Each structure stands twice: as structure tokens, then as C-alpha cells.
Amino acid sequence: MKLYHVEIPNMASFVISQLTESDIEEIDRVEKNTWPIDWQAPKEKFQARIKMFPAGVFGLSKNDKLVGVTTSMRINFDPNKINDYHKTWDEITGNGFIDTHEPDGNTLYVVSVGVQRESQGKGYGQQLVAKQFELAKSLGCKYLMLGARLPKFRDSLTTQGINPDNLSTPELIQKAQEYLQLKRADNLRQEPEIRFYEKCGLTVLKLTDPDFGPDPESCNFGVIMLAEV
Ligand SMILES: CC(C)(COP(=O)(O)OP(=O)(O)OC[C@H]1O[C@@H](n2cnc3c(N)ncnc32)[C@H](O)[C@@H]1OP(=O)(O)O)[C@@H](O)C(=O)NCCC(=O)NCCS
């Protein structure tokens with residue numbers, strides 16, 4: 001593991017490092033402890049990301065044990081053309097292999113952020129995104145961008161007695177837009193993933209078409225989120 005950055009204020013026992021090919025088994029262990037089986041990226045995708053854009057692969061370790069991983073790539077993006085932007089996550093990331101990486105891209109696109117289950121909710125995810133911001137700045141990128149999920153959207157419909165599979169596409173889009181706007185009593189976003197990325201400094205640019213998945217929990221929607229670096 002190549003040491004990249006040692007100190008996180010008030011969280012001195014954590015280390016964020018740039019990961020390399022030699023970390024692949026540990027990356028794989030964290031991936032398996034983060035996502036359900038259908039969502040786990042195979043080792044080959046992480047190997048491809050390390051090969052294509054090694055600078056964008058970071059891990060967070062506690063007591064010398066990897067607990068979270070984030071990966072990124074560069075793309076060219078023009079927020080003024082957001083209405084014409086309909087790329088899916090697979091299209092942007094080359095199905096997770098990032099052969100679509102543009103070395104001179106003006107935007108750092110965060111491909112993945114994952115913290116293993118037993119380590120979630122302790123601030124590690126925010127630290128990993130902060131590391132990607134730091135990288136974006138050091139590369140001179142203008143934007144940091146990602147496609148977020150809406151993992152609680154399907155649940156929110158079913159608890160209202162609505163079967164999303166019975167809705168027409170316009171009805172589903174309307175429901176997703178309403179869901180995205182929901183706030184908690186503390187005025188933070190109700191959807192935990194969007195709330196997470198807003199706390200990290202990103203803002204919602206737009207709800208995608210319902211083809212950003214496949215992602216049944218999000219009814220195949222995604223949310224394009226952006227920050228100026
Ligand atoms: C989403 C994720 C990266 C956040 O990392 P984390 O270290 O748990 O998050 P932090 O402690 O920095 O921040 C906590 C916030 O993350 C969000 N969050 C926590 N667990 C989450 C989960 N399982 N799914 C989505 N968001 C979650 C919440 O907004 C939470 O804030 P709250 O305390 O107001 O509820 C992590 O929970 C995770 O890996 N989840 C599964 C994989 C995933 O959904 N990755 C993101 C898409 S690529």
C-alpha cells in the first residue's frame with residue numbers, strides 16, 4: 001500500500017492511502033462486505049481502474065485494516081448542457097472498467113464510494129469523498145461529479161401501498177421528483193444517499209431518466225450531483 005495522506009483531523013487513527021494492484025485482495029474483501037452480491041464489482045474492474053487512473057483509487061484504513069474504498073476517473077462535462085445529458089452510469093464509466101477515462105477531462109467523476117457495513121456511519125465515507133475533492137483540486141479539475149442512487153425510493157412507494165411496477169413512466173418520474181424533494185424536520189434531505197453527498201459538498205443537478213440503473217431499489221433512477229472545485 002502506497003502511503004498518500006496520513007492525518008485526518010480528530011480522527012488520528014485513520015489513514016487514507018492511494019491503493020495499488022497489491023491491495024486487490026483487501027479491496028475485494030471490502031467490496032464484498034459493502035454491497036449485496038449482485039452489486040459487487042469483481043476484482044477485474046478494480047484492477048482496470050488502478051491501471052487506467054491509479055491516482056483516483058483510495059482506501060481508508062483503521063488500525064492497518066482497509067474499511068472503505070473510493071475510485072474515480074476524468075471526463076469532460078459542461079453543466080450548461082445538462083438538459084441534453086442522458087448518459088447512464090455504465091456509459092460514463094465504461095461499465096465500471098473506466099476505459100472511457102479522459103486524461104484531460106475538466107471533471108473528476110467519482111465512480112464508487114464504499115464503506116464496509118460494520119464501519120458505516122462513522123464519517124469514513126465523507127473522508128473518502130473529501131479525498132476525491134483534494135485530488136480534483138490538485139489536478140486542476142473544474143468540477144467534481146457523480147451519479148447517486150435513490151436506495152430508499154422503492155421502499156417509500158411500497159410503504160404508501162404503491163407498486164412502482166404498476167406506474168406509467170410519467171407517473172414514476174413524477175413520484176421520483178417528489179421523493180427527491182422530501183426533507184426531514186432538520187431540513188436535510190430525506191433520502192440518505194443524497195443527504196450523504198450533500199453533506200460532502202455536492203448539489204443535486206438533475207434526476208436522470210429511469211434507465212440509470214439497473215437498480216431496483218432506486219427504480220432505476222439516478223441523480224446527477226455536482227460541485228465546483
Ligand atoms: C454511502 C456510504 C458510502 C456512506 O459512507 P459512511 O461512512 O457510512 O457515511 P458517513 O458516516 O460519512 O456519513 C453518514 C451518512 O451517510 C449516509 N448513509 C449511511 N449509511 C448509508 C447507506 N447504507 N446507504 C446510503 N447512505 C448511507 C447517511 O446520509 C448518513 O447520514 P445520517 O447520519 O444523517 O443518516 C456507505 O454507507 C456505503 O458504502 N453504503 C453502501 C454502498 C453505497 O451505497 N455507496 C454509495 C454509492 S456508490
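## A quick tour of the protein chain

Take the contacts in the protein chain between residues at least 6 apart in sequence: 67% of them join residues at least 24 apart, where contact means heavy atoms within 4.5 Å. What you're looking at is a predicted model, so local features need pLDDT of at least 70, side-chain atom pairs count only at pLDDT 80 or more, and totals for chains, interfaces and linings use all residues. Residues are numbered from 1 along each chain as its sequence is written, and side-chain values use heavy atoms, with hydrogens and water left out.

**The whole chain**

- You'll find 7 helices and 8 strands in the protein chain; these are DSSP runs numbered from the N terminus, with helices being H or I of at least four residues and strands being E of at least two.
- A compact globule of 229 residues would have a radius of gyration near 17 Å, and the protein chain agrees, with 17 Å. That radius is taken over C-alpha atoms, and the globule rule is 2.2 Å times the number of residues to the power 0.38.
- Along the principal axes, the C-alpha atoms fill a box of roughly 50 × 35 × 35 Å.

**Surface and charge**

- Of the 229 residues, 48% are buried (buried means under 20% relative accessible area, exposed over 50%, partly exposed in between, using a 1.4 Å probe and protein chains only).
- The side chains include 27 positive and 32 negative ones, and the centres of the two sets lie 4 Å apart. Lys and Arg count as positive, Asp and Glu as negative, while His and the chain ends aren't counted; each charge is placed at NZ of Lys, CZ of Arg, CG of Asp or CD of Glu.

**Meet T93**

- T93 sits in helix α3 (residues 89-93), and T93 counts as buried because its relative accessibility is 0%.
- Setting aside neighbours within four places in sequence, T93 is in contact with M73, I98, D99, T100, Y109 and V111.

**Backbone spots to check out**

- D64 isn't a glycine, yet its phi is positive, near 65°. D64 belongs to the loop between β3 (58-62) and β4 (65-75), and D64 is exposed, at 79% relative accessible area.
- N95 isn't a glycine either, and has a positive phi of about 60°. Look for N95 in the loop between α3 and β5 (107-115), where N95 is partly exposed at 37%.
- The peptide bond from G213 to P214 is cis, with omega near 20°, and P214 is in the loop between β7 (203-207) and β8 (223-228).
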